[in-house]
Amino acid sequence: MERVRKLIHAREREIYPFDGTGVTAAVLDTGIAMHPDFSGRVIGFKDFVGNSRLPYDDCGHGTHVAGCLCGDGSCSQGRYAGVARGCRVLSGKVLDEKGDGTIRNMIEGIDWVLRNRKLYQVRILNISVSMTAGMRKMKKEASFRELVSRLEDAWDEGLFVVVAAGNAGPAEGSISKLGEGNKVVTVGCHDGMAYQRRPDSCEVCSGRGPSGDVLKKPDLVAPGTDIMSCSAFFRQTAAGCRNAYVEKSGTSMSTPLVAGAAALCFQKYPWYTNEQVKRRILWTASDLGEAWSKQGWGMLNVARMLG
């Protein structure tokens, strides 16, 4: 995350005094572990897979995503802090220990967020899940249309909805079906020059939008290769927190970076609508000189967004 924050211009000195304090982001994923980096900021949890009333993450994906968004880096002296280290988290577990899930669980998760958005002051909904990975049980077309409709409802209710472009690229039109609409912000992966020659970089498989369509996708890109963030399987010992962080790659990691940027924007401009935040994030992105179907507006640039 130290490398990532530098690349997207989100180092502490570049975004000071903003850290997302007072803003809540809902994360629908595999759950969340009570990691020291989230101390006091996991304000709600709902399990749509099992029956637990206590927060947990038996996969690790959701905890890692939340760390990219708002981990405060307590276990690393700030080195692996997320973008918005003061942001609160509302966690919904809609995916199982394998990262798999159903349309029904995701719909119920979105409905839960919408019912509780005022109670928890939710401004952001992060969904680091694609149609090609993590939701393999999505079979029924009618149910999928209902899911897309719920995402649109969330946007219409004022939430900044950010979703992953998926990892099925680089073919044209390989972007996740959840990210095709204009009422979500769709995030692809790009690591700048750092991993350009690596055949296993996230950038290579990041979902691409179609060419020639009126609605261009993805909306923008952010780093997603070898991201070091919070591990759900940490251990607290007398000497401190062990195995506190783990590396993961994918557009799932890119997505919460944009969610974190939105949290900073809502903190600085609390009167902004989701549309205003979207425009500010997209219009300040750094052009990488890539095709639109690969980079959208460009690389997330947090300092410019806040400027």
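Me: Why is Gln121 called partly exposed?
Reply: Its relative accessible area is 48%. Buried means under 20%, exposed means over 50%, and partly exposed is what lies in between, computed with a 1.4 Å probe on protein chains only. The value for Gln121 falls in the middle class, so the residue is partly exposed. The model is predicted: local features need pLDDT of at least 70, side-chain atom pairs count at pLDDT 80 or more, and totals for chains, interfaces and linings use all residues. Residues are numbered from 1 along each chain as its sequence is written, and side-chain values use heavy atoms, without hydrogens and water.

Me: What makes the phi of Gln121 worth a remark?
Reply: Gln121 is not a glycine, yet its phi is positive, about 55 degrees. Most residues other than glycine have a negative phi. Gln121 sits in the loop between α4 (103-120) and β4 (122-127), where helices (H or I, at least four residues) and strands (E, at least two) are DSSP runs numbered from the N terminus. Asn243, also not a glycine, has a positive phi of about 50 degrees. Asn243 belongs to the loop between β10 (240-242) and β11 (245-248) and is partly exposed at 49%.

Me: How do you know that the peptide bond from Tyr16 to Pro17 is cis?
Reply: Its omega is near 5 degrees. Pro17 is in the loop between α2 (12-15) and β1 (24-29). Another cis bond joins Gly169 and Pro170, with omega about 10 degrees, and Pro170 lies in the loop between β5 (160-164) and β6 (185-189). Most peptide bonds are trans.

Me: Which residues carry the "active site" feature, and from which record?
Reply: An unreviewed UniProt entry places it at Asp29, His61 and Ser252. Positions follow the numbering used here, feature names are shortened, and annotations may be inferred rather than shown by experiment.

Me: How do you know that these residues gather at one spot?
Reply: They span 224 residues in sequence, but no two of their C-alpha atoms are more than 10.0 Å apart, so they gather at one spot. Contact means heavy atoms within 4.5 Å, and His61 touches both Asp29 and Ser252, among others.

Me: How many residues does the largest nonpolar core have?
Reply: It has 82, and Leu125 is one of those with the most contacts inside it. Such a core is a set of buried Ala, Val, Leu, Ile, Met, Phe, Trp, Tyr and Cys residues joined through side-chain atoms within 4.5 Å. Helix α7 gives the largest share, 10 residues.

Definitions and conventions: Lists of a residue's contacts leave out its neighbours within four places in sequence.
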